[in-house]
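Please keep the sequence and the model in view while reading the points below.

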Amino acid sequence: MTGLRYVYAICRPLGAPLQAQLTGVAGAPAKPLHHHGLVAVVSEVPERDFGEEALRAHLEDLDWLAATARAHQGVIDALTVVTTPLPLRLATVFRDDSGVRTMIESREEHFLRTLDRLTGRVEWGVKVYLESEQPQESAAEQPVPKAASGRDYLRRRRQQTRADEDLWQRAETFATALHERLAGFAEESRLHAPQNPTLSGAAGRNVLNAAYLVSRGDSEEFVELVDRTKDDAPGLRVELTGPWAAYSFAGELPGETA
C-alpha cells in the first residue's frame, strides 16, 4: 500500500475471509491488517482526498459525506456478519501501516476488554414517534367557528393545550414502559437524545431513541418482543432497526487524521 490508511474497525482475527469484492471508501478494497492478535480492517485511500486539509474541506460537502458514510457502513455491515467489529469513527485515517499498529498498541487493552464484552452480541435500535398531530391536523383543516369573545378564544386555546399535553403524556408513559421492558430483556441499553426531525427526516415527534445490546441467539425473541408492542398505542409508531455492530456500547474509540 502506498496511500493513506482508512480504518473502519478493530476486531479479532476473522473466522472467515472478507468478501472477495468488498469495497469501501473511495471504491478501495477493504483488507485486514494483523497486529498483536487484533485486526484492523483498512483501505488505501488517496492523500489528495483524505489528507488533513482535503478531508476538512470534504467534510463540509454533504454529498461526499453521505457517500463516504454509506461505504463505511457497508464494510461494517459485512464485518458484522462474520465477527464482532469495534467500528471506528467515520474518516479515521493514518499515514501508513505503522500508524495503525501504533494505535492498536496504545489501545490494545481497551480493545481486548471491549471485544470480550461484546463478542456474540449485536445492537438493536428502537425508536418511538408520536404521529399525533394527525388528529389535530384533520381538525385544523375544518373551518374554525369565529370566537364570540376573547374569553371564548382563550378557553379553546386552553382546551387544545390540555389535549396536546395529555397526548404527549400518554406517549411518554408508553415509551417509558417499552424501554423498561426491552432493557430488562437486553444485556445493556442506552438512551440517546431524541432525534431532530429536521435532520433525520423522520415523520412525527421522536419520543424514544434507544439502543439495546442483545446476544445473537436472543435476537429473534427480542424482535418478536418489539413487534408485539406495535399495536399497543394508537397514534404512536414503533421502529426497529438492526442488527448493527455495537456502536452504542463500544465506548470511546480512536479517531485520527493523518
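1. Confidence. pLDDT is the predictor's confidence in each residue, on a scale from 0 to 100. This is a predicted model, in which local features need pLDDT of at least 70, side-chain atom pairs count only at pLDDT 80 or more, and totals for chains, interfaces and linings use all residues. Residues are numbered from 1 along each chain as its sequence is written, and side-chain values use heavy atoms, with hydrogens and water left out. The protein chain has a mean pLDDT of 86, and 83% of its residues reach 70 or more. Over residues 134-142, pLDDT stays under 50, and the model has three contacts there beyond four places in sequence (a contact means heavy atoms within 4.5 Å). Where pLDDT is low, the predicted coordinates should not be read in detail.

2. Overall make-up. The protein chain comprises nine helices and nine strands; these are DSSP runs, helices being H or I of at least four residues and strands E of at least two, numbered from the N terminus. Of its 258 residues, 39% are buried (buried means under 20% relative accessible area, exposed over 50%, and partly exposed in between, with a 1.4 Å probe and protein chains only). Among contacts with a separation of 6 or more, 80% join residues 24 or more positions apart.

3. Two buried strand residues. Arg 5 belongs to strand S1 (residues 4-11) and counts as buried because its relative accessible area is 5%. Its side chain makes a polar contact of 2.6 Å with the side chain of Asp 97; such a contact is a pair of N or O atoms within 3.5 Å, where within protein one must be able to donate a hydrogen and the other to accept it, and residues adjacent in sequence count only if both atoms are side-chain atoms. Ala 40, in strand S3 (residues 38-45), is buried because its relative accessible area is 0%. Beyond four places in sequence, Ala 40 touches residues including Val 7, Leu 33 and Ile 104.

4. Backbone points. Which bond joins Gly 242 and Pro 243? The bond is a cis peptide, with omega of about 0°, and Pro 243 sits in strand S9. Ala 26 is not a glycine, yet has a positive phi of about 60°; this residue lies in the loop between S1 and strand S2 (31-35). His 36, in the loop between S2 and S3, likewise has a positive phi, near 55°.

5. Largest pocket. The largest pocket holds about 440 Å³ of space. Eleven residues line this pocket, and the closest to its centre are Lys 127, Gln 195, Asn 209, Thr 241 and Trp 244. A pocket is an open set of points on a 1 Å grid over the protein atoms alone, with protein on both sides within 12 Å along at least five of seven lines; a cavity is a set where a 1.4 Å probe fits but cannot get out, and lining residues have an atom within 4 Å of a point. Strands S6 (121-130), S8 (205-215) and S9 (236-244) each supply at least two lining residues.

6. Cavity. How many cavities of 30 Å³ or more are there? The count is one, and the largest cavity holds about 30 Å³ of space. Grid points are joined across faces, edges and corners, and a volume is the space filled by probe spheres set on the points. Its lining includes Thr 80, Arg 121, Arg 216 and Trp 244.
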